[in-house]
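Work through the exercises below with the model open. Each task is followed by a solution in steps.

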Amino acid sequence: MKIFNLRNVLPQIPNLLLRGQFKFEFEMLPYRAKNIHLRKAANFFLAGLNQYLLPAKPLGYPVIAQVEPANYCNLNCPLCLTTNITKARSKTLLPLGAFKRFIDECGDYLLLLILWNWGEPFLNPDLIKMIVYAKARGIVVHTSTNGNVPLDEAQVEALVDSGLDSLVVAVDGASQETYAKYRQGGRLDRVILNIQNILRMRSSKDLATPRINMRFVVMNHNEAEVPEAHDLARKLGVDFFTLKTVDMHPDKGFELDKTYAPVKTGYRRYDYDKGTFTRKERPFVCMRPWKRVTLEASGEVIACEYDYKNEHSFGNIGPMGTLNAWKSKASEDFRRVFNLGSNDFDMCRKCTYKNSIADDCTVERFNLTLKKP
């Protein structure tokens, strides 16, 4: 997320300071943060200096947070690092109380809350309460689902009333056969029904949110169905249809590119040496430990979502609190040797963002409605 790109920020300074508004994109979706008070605006600029100074103890506080409501899932996608597949962490739901403590500490600084990590967020029965609590602090809230958790009428209404800004729904196929090859254990008809119910409820209340992004992860076995899925998205009436490159982590096996990389180069995350699936090296700079605070369902504050083994925890919010953990000695020691991602940490050596062609994992967005953020 290029939230500190000066070319984008400088023209918006008058609007930010005078009207308390700021426009940005995340995963190619447009957002407008509103009612930004002076304290949050001042922190935004202070935190922005971190990308130039790279101090061991960051200036200000994070403006982006990634919070994991649940670290397990109801599906068994073969490339995912959730605990029901990797067994790296015990299955856990983030308690509502812990989430509220997190927001109480960070709410005055956050512009964006990404309410997912590994696992299915809607397995946490308190998810909608979390959304409502964060929205009360003026935070843009974005979450994601595989769409296979059944939602009754009351839950759909509560979701629509929550103020959630956007919801990603994963639909990686236009037919059940293709969809289930990756979303193993999932039912496409259930996903479609959930989308329809949310849009129906939203329309009945004459609301613009949550905006629905039907996201298609493009792989070798499903790329032929991209046009059909795009047509399905249009017929359903979702706001966006986006295409995302497939995440192939080495911990899920070797030579994954040979199996999953799509044929069309525009859908690929990597360039390859001619006649092989050896990834071509490309320049890579990572500032994740300075830009984003990541909270696991267990309460651990970590440097990056790919530290799913908790090898580099900054601390737990229970005894330490979020901001103390984010500026703890453990975090300072980590940043001193992080070297923008060029280090010998296991999670960095295996990082799937390295050598990627594009800056974003989302490579194409189709606007299907005219609703503005």
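Contact means heavy atoms within 4.5 Å. Helices (H or I, at least four residues) and strands (E, at least two) are DSSP runs, numbered from the N terminus. This is a predicted model, in which local features need pLDDT of at least 70 and side-chain atom pairs count only at pLDDT 80 or more, while totals for chains, interfaces and linings use all residues. Residues are numbered from 1 along each chain as its sequence is written, and side-chain values use heavy atoms, without hydrogens and water.

**Exercise 1.** Find which residues of α8 meet α10, and state how the two helices are oriented.

Step 1. On the α8 side (residues 153-161), the contact residues are E153, V156, E157, L159 and V160. Their partners in α10 are N197, I198, R200, M201 and R202.

Step 2. Sort the contact by class: nonpolar (Ala, Val, Leu, Ile, Met, Phe, Trp, Tyr, Cys and Pro), charged (Asp, Glu, Lys and Arg) or polar (the others, Gly among them). The contact of α8 with α10 has five nonpolar, one polar and four charged residues.

Step 3. Axes are lines fitted to C-alpha atoms, for helices over the stretch in contact, and angles run from 0 to 180 degrees between N-to-C directions. The angle between α8 and α10 is about 60°, and their axes are 9 Å apart.

Step 4. Angles under 35 degrees count as roughly parallel, over 145 as roughly antiparallel, 65 to 115 as roughly perpendicular and the rest as oblique. α8 and α10 are therefore oblique to each other.

Step 5. A crossing is left-handed if the near helix is turned anticlockwise from the far one by less than a right angle, and right-handed if clockwise. For α8 and α10 the crossing is right-handed.

**Exercise 2.** Locate two backbone exceptions.

Step 1. Most residues other than glycine have a negative phi, and most peptide bonds are trans.

Step 2. M28 is not a glycine, yet has a positive phi of about 70°. M28 lies in the loop between β1 (22-26) and β2 (29-33).

Step 3. T209 and P210 are joined by a cis peptide bond, with omega about 0°. P210 sits in the loop between α10 and β7 (211-218).
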